[in-house]
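Here are my notes on the model.

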Amino acid sequence: MKNQQLNIGTLITHLVCSKCNATYSHQIVQTFSTCCNVPLSAVYNLNNQTIDAINTSDYTMWRYQFVLPVIDPVNIVSLNEGFTPISQLKKLAHQLSIDSLYLKDEAVNPTGSFKARGLSMGVSKAKELGIKQMVIPTAGNAGGAMSAYCAKAGIEATVIMPKHTADTLKEECRLYGANLIQIDGLIDACGKKAREIAASTGAFDMSTMKEPYRLEGKKTLGYEIAEQFNWELPDIIVYPAGGGTGLIGIWKAFKELITMNAIKGPLPKMVLVQSVECSPMVHLFNNGQLPENYTPKSSAALGLAVPYPFATAMMLDVLRESNGIALTVSEKEMEDGVEEIAEIEGLLLSPEGAATFRATQQLLKIGWAKSTDKILLVNTGSWYKYR
Ligand SMILES: Cc1ncc(COP(=O)(O)O)c(C=O)c1O
Ligand SMILES: [Zn+2]
C-alpha cells in the first residue's frame, strides 16, 4: 500500500568522500572532503527500503524526505520547490522527425530556476546545523535562490556575482535582503572573493559542490523524473551543466532508486551540454585536459560559464557510467533555439534550456541519438530572469 511508511524520517547515515569513500559525520557542519579535496556525498540506509515511503500528498521535492538529509522537519525551509511538470513537445518532436521529446520545466520553481531545489536543501540543513551567515559565488540564479531561502530562514546572506550579470538577477538579491557584491570576471573570481569573506567573517561558503547538501536538493530532479515517467526512465537526458550539481544529482537519484528496486537498468544516457564560450567539461571529456590556450568567456547562458568546476571527476563518472556524451552549442544556436521553441511550443526557455534542444539536434544529426529514443530535455531556468 502506498504511504504505508509515511513520515519515516530521513534515512541518512553519514557522508562519504566521493573519491576514497572515507566516512564523515552528517551531524556537524561539513564542507568538502579534506582527505582528497573533492565533494562529499550523503549516504542513506536503503537496504530493505521501498519507494512507498514517498509522501504522495506533498507536491514539492520534500515528498522524498526519507532520502533527504534534514533530520528534524521543523528545519525545512520551503517555498514549494520541485515537483515541476514534464510536458511532451510534440510539435518540436515532429519537426525533428523523432517519436518523443519531453521537457522538464524547472522555470516554474520559486525564484525561477532549479537552483531553488539545492538552496532550499542547503539552507534547511544550514539552519539545522545552526549556521547564521552564508556567502555564495554565483552566475546569477543560485544567488537569488539563496537570498530567498535565507530571507525565510532568517540567515544573513552575501551574494557575489559577476558585474555583467543581468539586472533582474541582481535586483532580486537586494529585494530578498542579501548583501550583493559585484566582481569583474566569471564565477571563479566570485569564488575567490567568497573564500576571503568566509575566512574573514565566519560566513559559511555555499559554493557549488563545496558543501554536501545542495546536491541532495538537486537529486530530487532524478526522483521526480523517475516517478513522473512511472519508473520507466527515458533513453536520453540532455542537461546544461556548469558546476554539475544537477547532472550528478540526477544520476545519484537513479542509483539510489536501483538500490530500492524502484527502477531497473539500463539507465538513461546522460548528455552534458555547454557553451562554446566556456566548455571545460567538453574538453575534459574529449581530451582529458584543458587546451593550452584555454580562455573561458561569459555566455548568454550565464549558468554555463563555470571555467573550473570543482566536481569534474564526478561529472566525468556520470558520463562514463551512463555511456553519455559532452558537447557544445554556440551562442547563436542558443539564441535561435530560444526563439524557435517559443514560436513552436509557446514556451520561453532560458538560454541553458534552449542549449539542450540544439544539442539534441546535433546528436540526431550525427546518429548518436535515434529517432526512436525517448529524449528528455531539462530547462533549468526562466527566460524572464535574463533581462
Ligand atoms: C539556468 C541554469 N542552468 C544550468 C546551470 C548549471 O548548473 P549545475 O551544472 O550546477 O547543475 C545554472 C547554474 O548557474 C543555471 O543557473
Ligand atoms: Zn578521500
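This is a predicted model: local features need pLDDT of at least 70, side-chain atom pairs count only at pLDDT 80 or more; totals for chains, interfaces and linings use all residues.

1. Start with the contact between two domains. Domain 2 and domain 3 are joined by 3 salt bridges.

2. The domain assignment places domain 1 at 12-75, domain 2 at 86-110 + 214-386, and domain 3 at 115-205. Between domain 2 and domain 3, the C-alpha centres are 25 Å apart. The contact involves 23 residues of domain 2 and 21 residues of domain 3.

3. About 1800 Å² is buried between domain 2 and domain 3, and 59% of it is on carbon and sulfur atoms. On the domain 2 side, Arg214, Leu302 and Lys385 supply 39% of the area buried against domain 3, more than any other three residues.

4. Next, the metal. The zinc ion (ligand 2) has four protein donors: the SG atoms of Cys17, Cys20, Cys35 and Cys36, lying 2.3 Å from the ion. The site is tetrahedral, with angles of 102 to 121° among the 4 donor atoms. For comparison, the ideal angle for four tetrahedral donors is 109.5 degrees.

5. Along the chain, the zinc donors follow the spacing C-x2-C-x14-C-C. Cys20 sits in the loop between β1 (12-17) and β2 (23-24), and Cys36 in the loop between β2 and β3 (40-44); the two are 16 residues apart. Cys20 is partly exposed, at 41% relative accessible area. Cys36 is also partly exposed, at 24%.

6. Finally, helix α8 (residues 280-287). Pro280, Met281, Val282 and Leu284 are buried there. The buried residues of α8 pack against β11 (269-275), α9 (312-321) and β12 (325-329). Gly288 follows α8 and has a positive phi, near 75°.

Terms used. Residues are numbered from 1 along each chain as its sequence is written. Chains are lettered from A and ligands numbered from 1 in the order in which they are written. Side-chain values use heavy atoms; hydrogens and water are left out. Donors are N, O and S atoms within 2.8 Å of the metal (3.2 Å for Na, K and Ca); water is not among the atoms, so sites may look incomplete. Four donors count as tetrahedral if all angles lie between 85 and 135 degrees; four count as square planar and six as octahedral if opposite donors are over 155 degrees apart and all others between 65 and 115; anything else is irregular. Helices (H or I, at least four residues) and strands (E, at least two) are DSSP runs, numbered from the N terminus. Buried means under 20% relative accessible area, exposed over 50%, partly exposed in between (1.4 Å probe, protein chains only). Contact means heavy atoms within 4.5 Å. Domain bounds come from an automatic or database domain assignment. Buried area is the accessible area (1.4 Å probe) that two parts lose on being put together, summed over both. A salt bridge is a side-chain nitrogen of Lys or Arg within 4 Å of a carboxyl oxygen of Asp or Glu.
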